[in-house]
Amino acid sequence: MSDFIIDGRTKANFGEAAKQLTLSGTRTILLVSVGQRYHEGDKLRATVELINRSGFGQVTIAVADTLQRTNYLSLSHEDAYAKALQEGEDWLERNEKTLGGLTVPHDVLRWDEALSDADYPEFRARIEDAYANNPAYQQAVNATIGKFIDRLTARDPEADTDKAFRNCLAYLIEECPIIMPMWAHQGYDYVIYPQPMTTAMAETQRLFVTEEYPGKGGWLSLRFKKRAAVGQAAA
């Protein structure tokens, strides 16, 4: 008879800092970057289980699909958009069963819906103005772009870094006003994501959320670990 069985299932948590927060009854966004492995399989299942036991009042699954079009450097604008949109469709279909495990009231928001929101143009204009006229904000955004380009050139030393910079800037100028501050303005208390905030997002939160929407737009970074189940198996 063996002494141990390890089931290998993943467990998710929000880290020590979140233990001081009151999550029960709050509204939150589960932000999904389509194409990232931490939004698939066992990690997505673990995320759903964490959401269920955290007591949120309402969860919006924000599928950031067409946002990814700027990452497809070798495609035309039209082809990149079509590819990103289809990948969002595929993600929802592939993970329908896992998402069906949510016991919290929830809905799905596609990225194009966020872009067409009546609140978006005003918030985007403020982000564009900050990038053009606030050196500290521009530095924060450019630092985030720099990290992306470093990862890109590590994979592909021949990559077109000028095009990558332009596309990444377009990505951030589109992304930041939605995640911070538009969702805070719309009453969302938290954004759940598997990574810490980028420098650009943190500065956007500081400038446009902290004072204008106190208590809103908090960031909950997911952490994953393998869970070992101990037991005995028959010989």
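How many aromatic pairs does the structure hold?

Modeller: The model is predicted, so local features need pLDDT of at least 70 and side-chain atom pairs count only at pLDDT 80 or more, while totals for chains, interfaces and linings use all residues. Residues are numbered from 1 along each chain as its sequence is written, and side-chain values use heavy atoms, with hydrogens and water left out.

The structure holds four aromatic pairs. Rings of Phe, Tyr and Trp (its six-membered ring) pair if their centres lie within 6.5 Å; planes under 30 degrees apart count as stacked, over 60 as edge-to-face and the rest as tilted.

One of the pairs joins Phe14 and Phe56: the ring centres are 6.3 Å apart and the planes stand at 75 degrees, so the arrangement is edge-to-face. This pair links distant parts of the chain, 42 residues apart, with Phe14 in the loop between strand E1 (9–13) and strand E2 (27–33) and Phe56 in the loop between helix H1 (41–54) and strand E3 (58–64). Helices (H or I, at least four residues) and strands (E, at least two) are DSSP runs, numbered from the N terminus. Phe14 is buried at 11% relative accessibility, and Phe56 is buried at 5%; buried means under 20% relative accessible area, exposed over 50%, partly exposed in between (1.4 Å probe, protein chains only).

Tyr38 and Tyr193 are also edge-to-face, since their ring centres lie 6.0 Å apart with planes at 80 degrees. Tyr38, in the loop between E2 and H1, is 155 residues apart from Tyr193 in strand E5 (residues 190–193). Together with Trp219, Tyr38 and Tyr193 form one aromatic cluster.
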